[in-house]
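Please look over the sequence and the structure shown here before reading the report.

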Amino acid sequence: MSQPRTSAYDEMRGEDGVRAAYAEIERWLRATPREHLDRKKQEAELLFRRIGITFAVYGEGGDPERLIPFDIIPRIIARSEWEKLSAGLRQRVRALNAFLADVYGRQEILRAGRIPKPLVLENEGYRQEMVGMVPPGGVYTHVAGIDMVRTAPAEFYVLEDNCRTPSGVSYMLENREAMLRLFPRLCARHRICPVGRYPEELLETLKAVAPASAGASPTVVILTPGPYNSAYYEHCFLADEMGVEVVEGADLFVQDKVVFMRTTAGPKRVDVIYRRIDDEFLDPEVFRPDSLVGVPGLMAAYRAGNVALANAPGAGIADDKAIYPYVPEMVRFYLGEEPLLANVPTFLCEREEDRKYVLDNLDKLVVKLAKGSGGYGMLIGPHATRDQRAEFHARILARPGDYIAQPTLALSTCPTVVEQGIAPRHVDLRPFILSGKEIRIVPGGLTRVALKEGSLVVNSSQGGGTKDTWVLDDEGPAAALLGQAQAQAQG
Amino acid sequence: MLSRTADSLFWLARYTERAGNVARGLAVASRMAAVSARLGDEVEEWRALLTASGGEAGFRRKYEAPTAEAVIHWLVFDPDNPSGIIPCFEAARRNARAVRTALTVDMWEALNDGWNHLRKLQPEAAEGDNLPDLLGWVRERVTLFNGAAHETMLRDEAWHFVRLGTMLERADNSARLLDVRHKLLTPEAEGAVDYVQWQAVLRAVSALRSYQWIYRDRLQPQRIAELLILRPELPRSLLSCLAEVSDTLEAIAVGQGGRRGECHRLAGGMHAQLRYGRIEAIFAQGLHEFLTGMIARAAELGGEIEEFYIRG
């Protein structure tokens with residue numbers, strides 16, 4: 001087993017041996033021959049391919065339906081660690097929602113000077129169309145995905161917030177299914193908190209924000225851009241699990257500010273739309289007129305209070321990378337609490353002082369586009385060549401407002417099956433937080449793993465993989481469940 | 001149910017059934033070509049199959065003559081033939097993918113596994129002695145899909161639209177299959193044709209044994225036609241297919257509080273005509289005329305179903 005020296009926090013192994021939560025995993029890895037792991041890895045791939053859990057990549061040549069590599073070694077979080085995280089996530093999402101209600105309402109945080117006005121009001125993510133309206137239930141980011149990284153036993157950082165249409169939750173659920181099918185005995189030896197309730201919780205959340213006109217059983221749908229979207233599988237999966245329709249723009253129409261879907265029995269009224277298309281494409285009458293995947297008149301119906309949209313248009317202002325440094329301030333301002341989750345120190349190149357520091361320390365920093373996503377267009381200073389750094393130097397000077405920078409974090413590692421054997425690889429974590437009448441979080445999330453040695457980029461579009469994430473009810477292995485529930489047999 | 005979903009379910013079932021029917025047709029034709037080579041009319045077999053599959057014009061644009069190789073390639077691989085086995089699977093899967101939520105996991109896996117296998121298929125798989133294995137495999141996949149639907153689907157509208165697609169396609173196939181051989185089935189033809197030709201017709205709808213069970217007698221053209229058109233016992237007879245189409249449309253109407261349209265009237269009429277029809281009358285009218293009439297009305301019925309439930 002190769003063990004490169006690195007300062008990163010190894011989640012399985014500490015200086016004084018294997019950590020308690022990983023004890024059983026470590027025993028299992030030692031007892032399992034490499035061929036067996038390889039075979040299970042292949043089985044997993046076959047499983048994902050058969051169920052059709054793929055993400056679509058069109059226009060790059062090659063197979064348009066790709067598998068995200070799945071690593072069969074689970075990532076473990078102890079219940080005590082999770083409780084702390086979870087409290088921090090609830091707090092953060094409450095603050096983000098309060099911020100959204102505020103910037104589209106009374107704008108108190110701006111008037112108090114706690115966040116610079118232009119940063120919000122002149123931001124592309126700020127939707128004028130949302131000013132002065134209160135969405136049903138007062139909720140803006142019904143489904144939030146908060147990306148976390150870990151650097152030490154009790155040290156978690158929020159890397160970024162995703163308040164628009166975060167994806168990946170289907171992998172959280174399917175990865176667990178895969179593990180239960182591939183390693184039932186290993187699973188049985190742990191007390192793993194189940195995640196399978198997520199779709200039910202999501203449906204409850206969506207129903208909770210239905211307009212009053214909807215009555216006792218609101219009609220909920222998922223709006224997808226269609227089969228060519230990279231997350232199409234997830235849209236269908238969630239609809240299926242919730243027992244609701246997955247619709248495309250053309251399946252919906254608006255009449256007298258009420259949204260209907262076309263069904264075999266004629267038009268049917270729709271009350272809540274969990275939309276998985278971007279703001280700009282929602283309604284060609286309000287946003288991009290060339291949108292073919294949207295629904296003309298949708299925003300008028302929304303503003304009239306006849307339909308709920310989740311997440312609310314304009315929620316993206318809360319996860320803008322330039323707004324991110326102010327989230328701890330939001331927690332203090334709206335909740336009067338100290339933030340439980342730390343932000344990564346962030347330099348806004350727009351600010352002269354920050355910019356100077358960034359340009360002088362490019363070899364130590366990660367530089368990101370303020371509006372980019374998916375790990376595109378970023379510079380990882382310590383791993384970059386002199387030329388790459390020079391290029392970013394020039395780009396930052398040319399358009400400082402486009403860039404932010406953060407110190408390179410030593411992301412924690414988990415044991416991962418790689419070609420040379422089992423080796424530590426860097427991971428992050430995206431838990432999903434649901435906000436309706438209350439905040440709900442299932443214990444777990446999507447763990448993404450950078451499969452290349454030393455790489456810190458976990459995005460699936462950049463060669464990252466996923467792992468099942470186990471929140472363990474206690475740190476030791478569960479007692480074997482013996483002699484229970486024998487199956488009945490004839491005779 | 002979403003109109004788009006109903007449309008996709010209807011078509012994924014039609015394409016799946018069509019792939020199976022093409023495989024059945026190919027299996028019979030290749031068997032016939034093997035036994036009728038001594039009669040020197042093997043080309044006729046392939047030509048008849050092309051006509052039955054309804055893609056003769058497209059074939060003629062691309063290929064010189066209906067040789068075995070050309071017809072097999074056209075009916076298995078050719079992307080220009082929307083009724084070929086691989087394009088049918090592809091279209092079925094495309095529709096299935098668009099309505100994943102309306103399918104059960106078993107149905108999806110039956111289609112998706114089939115497509116994953118077929119898309120990597122090498123030309124050798126359809127050559128020479130490999131062909132029967134391939135065709136058997138295709139029929140298995142279609143049977144698996146139908147079985148999965150039968151065993152796992154909720155009996156709701158989704159199920160009804162799948163059955164409509166399967167049965168309408170099957171009716172069309174049985175009618176075409178008989179029609180291309182209608183000359184062999186006229187009473188005057190009796191004795192002039194090889195017995196194996198009649199066997200072939202029956203084999204194509206898995207009915208050779210069934211014939212014996214029902215009639216307990218030697219093969220006679222009029223009875224073969226009766227079996228495939230009018231007998232309620234044979235699951236691929238026109239009567240069986242139209243009975244289910246009519247019942248299914250009625251079930252959808254009842255589920256929607258009695259909402260009915262032209263498709264219901266048309267299906268009921270076709271069902272009644274078959275249920276109370278007599279084979280003597282059909283032969284008196286002319287088998288070919290009767291069958292082409294049925295094919296046209298089945299197409300019209302498909303159009304009316306779309307008009308009422310999908311575009312309406």
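## Confidence in the model

This is a predicted model. The average pLDDT of chain A is 89, and 92% of its residues score at least 70. In residues 1-6 of chain A, however, the pLDDT is below 50; this stretch has 10 contacts in the model beyond near neighbours in sequence. Residues 475-487 of chain A also have a pLDDT below 50, and for this stretch the number of such contacts is 12.

Where pLDDT is low, predicted coordinates should not be read in detail.

## Overall build of chain B

Chain B contains 15 helices and 0 strands. Its C-alpha trace spans about 60 × 50 × 35 Å along the principal axes. The radius of gyration of chain B is 19 Å, which agrees with a compact globule, because a globule of 312 residues would have a value near 20 Å.

Of the 312 residues in chain B, 57% are buried. Taking the contacts in chain B between residues at least 6 apart in sequence, 65% join residues at least 24 apart.

## Surface and charge of chain B

The chain carries 38 positive and 42 negative side chains. The centres of these two sets are 3 Å apart.

## A covered helix in chain B

Is helix α11 of chain B mostly covered or mostly uncovered? This helix, residues 221-230, is mostly covered, with 7 of its 10 residues buried.

## Two residues of chain A

Q462(A) sits in the loop between β24 (446-450) and β25 (464-472) of chain A. Its relative accessibility is 31%, so Q462(A) counts as partly exposed, a class that runs between the cut-offs of 20% and 50%. Q462(A) and S412(A) are separated by 50 residues in sequence, and their C-alpha atoms are 19 Å apart in space.

D240(A) belongs to a helix, α9 (residues 232-242) of chain A. D240(A) counts as partly exposed because its relative accessibility is 39%. From D240(A) to R395(A) the separation is 155 residues in sequence and 45 Å in space, C-alpha to C-alpha.

How values were computed. Residues numbered from 1 in each chain as written. Chains lettered and ligands numbered in written order. Predicted model: local features only at pLDDT ≥ 70, side-chain atom pairs only at ≥ 80, totals over all residues. Heavy atoms only, no water. Helix = DSSP H or I, 4+ residues; strand = E, 2+ residues; numbered from the N terminus. Rg over C-alpha atoms; globule rule 2.2 N^0.38 Å. Buried < 20%, exposed > 50% of the residue type's maximum accessible area, 1.4 Å probe, protein only. Contact = heavy atoms within 4.5 Å. Lys, Arg positive; Asp, Glu negative; His and termini not counted. Charge placed at Lys NZ, Arg CZ, Asp CG, Glu CD. pLDDT = per-residue confidence, 0-100.
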